[in-house]
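Have the structure open while you go through the points.

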Amino acid sequence: MAALTAAPARPRKLLASRKTRVGILYALPVVVYLLVLFVYPIISTLFLSLKNADGSLTLHWYVDALTGVNLSVLITTLRISAETALLSLVFGFILANAISRLRPLWAGLAMLIVVVPHFISALVRTYGWIILLGDKGLVNETLAWAPGAPYHLLYNELGVVIGTTSMMLPYTVLLLYGVMRGVDRGLLAAAASMGAGRVTIFRRVYLPLVAPGLASAGLLSFILSLGYYITPALMGGPNQTMIATLINQQVTKENQWNGAAAQGVLLLLLTLAGLLLVKLISSLGASAKKRSAS
Amino acid sequence: MIGLRKTVAGRIALTAVATVILLFLALPIVVVLVTSFSDNAFAAFPPDTWTLNWYKVLFADGSKWPAALSLSALIAALSTVFSLIIGVTAATALTRSELPLRSAVYALVLGPLVIPNIVTALGLFLLFEPATMLGSPLAIALGHTVLASPIAVLILIATLRGIDERLEDAAASMGAGRLTIARRITFPLAAPGMIAAAIFSFITSLDEFYISQFLSSVDTVTLPVQVYNSLTFEIDPSVTAVSAILIAFAILALALVALVRWLGSGRQDSLLSVETVTATAAPGGEAA
């Protein structure tokens with residue numbers, strides 16, 4: 001009761017500082033935890049990638065990571081990620097577009113089929129693909145009449161890209177669905193009323209409106225594919241070794257920590273560059289939207 | 001709704017393509033579920049004969065699956081507890097207080113979600129290796145918490161933002177202490193979100209592969225690592241049954257989250273409706 005009567009007499013500033021103190025106190029666990037178990041390990045990875053056996057500074061782990069076999073693994077990683085991003089963008093665009101035209105009930109059901117797989121272990125879904133794409137799997141059984149069957153769909157790049165695309169697809173569909181639902185239908189109707197054809201409306205009105213979303217969705221699936229390990233390792237052949245596989249091998253089999261650290265840092269830098277680009281695109285898109293609205 | 005004059009053929013084509021893409025997402029999961037009951041676990045998709053054999057093999061003597069399952073469950077339980085503690089405190093700090101450097105804290109929380117898991121796993125390996133903690137379930141649980149806690153924080157931020165702060169203020173104005181408000185108002189309203197956060201933390205840890213693989217030893221093999229090993233090194237058909245169980249578990253967990261959300265959705269409305277009733281009743285009362 002005493003506190004209650006005293007409260008109004010206290011200046012607001014004090015109240016604010018109490019709220020600040022409480023905030024800092026409650027933020028401590030997450031900040032300390034992530035600094036110790038997330039930021040510090042990454043910084044020590046960075047140091048390790050710059051250190052010689054005798055402790056002096058060097059860049060030779062990066063030279064190693066960017067030459068010979070390691071360079072070709074890096075290029076493979078970029079290539080597979082680009083293929084995955086392109087495919088999941090195209091599939092994601094078609095599916096999100098189709099879902100955005102459905103009635104709410106059907107759209108909800110379709111989104112369930114998109115979202116639920118995302119919460120199921122990637123390992124398990126990869127295993128499903130291995131069963132499906134095998135020489136005697138469902139896909140080859142269904143295509144048995146086709147010339148050239150059975151097709152080799154596993155342990156090559158096609159297999160890897162099929163697998164990774166299905167892993168990235170939920171992201172692109174979710175992102176694009178959100179963007180497409182935000183498109184002002186009135187603009188499309190306005191263009192149509194002024195005599196624009198379907199192709200013109202699509203190209204001149206719809207596409208520019210969803211373009212920033214398309215760019216971020218594509219970039220995001222590219223970034224997420226870069227560090228992928230499970231699907232390429234299980235569904236690919238020796239020519240589909242990706243950088244994450246290499247990092248894993250160097251740590252668990254070859255005890256080559258410095259090399260692994262350098263490749264980890266390269267992967268991190270590529271990811272951060274991609275994220276920066278996503279941010280740039282979304283701010284460009286926002287300013288374009290503002291311009292078209294005014 | 002690109003063109004407003006839709007052609008029937010165009011609509012049918014789009015529906016067909018969209019259905020194929022949905023199948024592309026669903027088939028790998030369906031095929032694992034079906035194959036787990038098939039006599040021949042590796043070939044021939046629509047199975048000729050059905051069996052429960054792979055599930056029996058799972059729990060037979062000498063099977064390595066029960067140990068992997070219980071280890072994964074233990075680790076997931078530990079990291080759920082850690083994630084909830086971190087999640088509740090962090091979400092409170094980010095939604096209910098004046099926090100300096102709020103956006104920096106927020107960026108730190110998002111970090112583990114955007115940085116490749118293999119990089120996080122490598123860093124944790126370099127942290128725990130010198131501490132000779134490789135193979136320790138605690139180390140794996142601490143590692144999983146790095147990935148699970150940001151998810152818990154995000155869910156709980158959304159939960160706390162969804163709770164009308166006027167309810168807390170009203171309780172405070174009537175003399176309720178901070179603990180009473182937390183216990184009687186905030187906690188009951190946040191409970192569905194906390195359950196969702198717990199479930200998602202548990203699943204994140206249960207399915208986590210990269211950190212587990214880097215931190216595991218011969219004696220501590222988690223379920224996903226065991227599944228991976230079964231798919232690469234040793235042909236073990238019982239992996240189908242384990243995969244099917246993991247799918248069933250994930251779907252069950254999602255259903256549980258949906259159920260809890262649905263049950264909890266009415267609560268705040270029922271509390272607030274009292275307020276709206278009194279608010280609309282008051283002007284009338286004054287006039288009379």
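1. A nonpolar core is then a set of buried Ala, Val, Leu, Ile, Met, Phe, Trp, Tyr and Cys residues joined through C-beta atoms within 7 Å. On that basis the largest nonpolar core has 150 residues, and the ones with the most contacts inside it are B:A90, B:L122, B:L124, B:F125, B:A152, B:V153 and B:F214.

2. Ground rules. This is a predicted model, where local features need pLDDT of at least 70 and side-chain atom pairs count only at pLDDT 80 or more, while totals for chains, interfaces and linings use all residues. Residues are numbered from 1 along each chain as its sequence is written, and chains are lettered from A and ligands numbered from 1 in the order in which they are written.

3. How far to trust chain A? pLDDT is the predictor's confidence in each residue, from 0 to 100. The mean for chain A is 88, with 94% of its residues at 70 or more. Confidence in chain A is lowest in helix α1 (residues 2–6), at a mean of 46, and highest in helix α4 (residues 68–100), at 95. Over residues 1–9 of chain A pLDDT stays under 50, and the model has one contact beyond four places in sequence for that stretch. Contact here has a set meaning: the C-beta atoms of two residues, placed from the backbone, lie within 7 Å.

4. Helices and strands are DSSP runs, numbered from the N terminus (helices are H or I, at least four residues; strands are E, at least two). Chain A comes to 13 helices and zero strands. Its radius of gyration is 25 Å, well over the 19 Å that the globule rule gives for 294 residues, so chain A is more spread out than a compact globule. (The radius is taken over C-alpha atoms, and the rule is 2.2 Å times the number of residues to the power 0.38.) The C-alpha atoms of chain A fill a box of roughly 90 × 75 × 40 Å along the principal axes.

5. Chain B has eleven helices and zero strands. Of its 288 residues, 42% count as buried; in chain A, buried residues make up 41% of the 294.

6. What does each chain bring to the interface? Chain A puts in 72 residues and chain B 71. On the side of chain A that touches chain B, helix α2 (residues 12–49) gives the most, with 20 residues. That side has 54 nonpolar, eleven polar and seven charged residues. (Nonpolar means Ala, Val, Leu, Ile, Met, Phe, Trp, Tyr, Cys and Pro; charged means Asp, Glu, Lys and Arg; the others, Gly among them, are polar.)

7. Take a look at B:F125. Leaving out residues up to four places away in sequence, B:F125 touches A:V251, B:F214 and B:L215.

8. Helix α6 of chain A (residues 122–133) is mostly covered, with twelve of its twelve residues buried. Among them are A:R125, A:Y127 and A:W129.

9. Finally, A:L270 sits in helix α13 (residues 257–293) of chain A. A:L270 counts as buried because it has 20 C-beta neighbours inside 10 Å. A:L270 and A:L48 are 222 residues apart in sequence and 19 Å apart in space, C-alpha to C-alpha.
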